[in-house]
Amino acid sequence: MVASPIVKWAGGKSRLLSQYQAYLPTQFKRYFEPFAGGAAMFFWLRGQRAPFSATLSDSNQELVNCYQVVQERPQPLLDRLRQMSERHTPDYYYQVRAELPADEVARAARLIYLNKTCYNGLYRVNSSGHFNVPMGRYKNPSIVQEEKIWAAHTALQGVTLNTRPFDKAAAVARKGDFVYLDPPYQPLNPTSSFTSYTKDSFGEPQQRLLAQIFKRLVRRGCQVMLSNSDSEFVQELYCEFERIEVQAPRFINSKSDKRSAIKELLILGRPAENLSK
Ligand SMILES: C[S@@+](CC[C@H](N)C(=O)[O-])C[C@H]1O[C@@H](n2cnc3c(N)ncnc32)[C@H](O)[C@@H]1O
């Protein structure tokens, strides 16, 4: 089975990869993904490129712990998920949501269980860092995705996994490395943003710091790609770089299965001769 994200994540890139494909480097030394989230780009590259060394990081420590457990202890994780799946009821959901176990395998299983059973399947925390999503209304949530976990386990072999802020994570990239940056998006209007991946917010100061890091990485000889919203602020921050418009599918509203598309940006920071298009 080809590896793909094991959790549904806000801002996940699975549905945009076909539009990104033409701009991805064909060759690179090492791969860095400092805003890993569901790591759609990483899993996709694993199936598309020759074996490469990779570092995935995120400031969400529950998510990084989950990848570490998938990497090292997939079987105990699956056993635990199976037990949770058998106990799944509304009462059990809220009991799991209220407690953060100390054991790493139990914490990883908790994250996956909540992700598969919560409303909309999105990880979101409140200002104190507590997961606060109500239970979703799925008839048969797919809690134990055995093949997916084993495929991710294989893809994650040899990968360095870190809980760290993006500036520290990006600092170690060198000439010839490929860095994909997918930060929380700059909101198009004050209410349009999803910024609750962790208890810390991601505002204009963080976007400016990220743009500085982007420039530094390009100067150092890294191949850099960054996803963000198509706002005036983002256009200005990256005005000296090539900005590609992509169409991101969106549900028109939560009750409808009709979709529209919203324009987003893919920003390229690397010499033209390295592009496949
Ligand atoms: C847009 S999502 C990435 C989605 C991912 N590309 C995917 O395919 O699922 C942004 C991620 O950045 C992480 N994040 C937020 N602030 C951060 C920071 N200061 N440093 C590192 N990661 C951060 C969030 O936890 C979230 O997982």
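Helix α4 (residues 74-87) and helix α7 (residues 146-155) have axes that come within 10 Å and cross at roughly 160 degrees. Helices here are DSSP runs of H or I with at least four residues, strands are runs of E with at least two, and both are numbered from the N terminus. Axes are lines fitted to C-alpha atoms, for helices over the stretch in contact, and angles run from 0 to 180 degrees between N-to-C directions. α4 and α7 are therefore roughly antiparallel to each other; angles under 35 degrees count as roughly parallel, over 145 as roughly antiparallel, 65 to 115 as roughly perpendicular and the rest as oblique.

The model is predicted: local features need pLDDT of at least 70, side-chain atom pairs count only at pLDDT 80 or more, and totals for chains, interfaces and linings use all residues. Residues are numbered from 1 along each chain as its sequence is written.

In α4, Pro74, Leu77 and Leu78 meet Glu146, Ile149, Trp150 and His153 of α7. By class, the residues of this contact are 5 nonpolar, 1 polar and 1 charged. A contact requires C-beta atoms, placed from the backbone, within 7 Å. Ala, Val, Leu, Ile, Met, Phe, Trp, Tyr, Cys and Pro count as nonpolar, Asp, Glu, Lys and Arg as charged, and the others, Gly among them, as polar.

Helix α6 (residues 104-117) takes part in a pairing with helix α5 (residues 90-98), where the axes come within 10 Å and cross at roughly 135 degrees. α5 and α6 are therefore oblique to each other, and α5 passes α6 in a left-handed crossing. Tyr93, Val96 and Arg97 of α5 meet Arg110, Tyr113, Leu114 and Thr117 of α6.

Helix α3 (residues 61-72) also packs with α6, at about 110 degrees and with the axes 8 Å apart. That makes α3 roughly perpendicular to α6. The crossing of α3 and α6 is left-handed. From α3, the residues in contact are Glu62, Leu63, Asn65, Cys66 and Val69; from α6, they are Glu104, Val105, Arg107, Ala108, Leu111 and Ile112.

The table lists the angle and axis distance of each pair.

| Pair | Crossing angle | Axis distance |
|---|---|---|
| α4 and α7 | roughly 160 degrees | within 10 Å |
| α5 and α6 | roughly 135 degrees | within 10 Å |
| α3 and α6 | about 110 degrees | 8 Å |

The protein chain has 10 helices and 7 strands. Its C-alpha atoms fill a box of roughly 55 × 40 × 35 Å, taken along the principal axes. An automatic or database assignment gives domain 1 (14-61 + 158-274) and domain 2 (69-151). The centres of domain 1 and domain 2, taken over C-alpha atoms, are separated by 26 Å.

How values were computed: Left-handed = near helix turned anticlockwise from the far one by under 90°. Contact = placed C-beta atoms within 7 Å.
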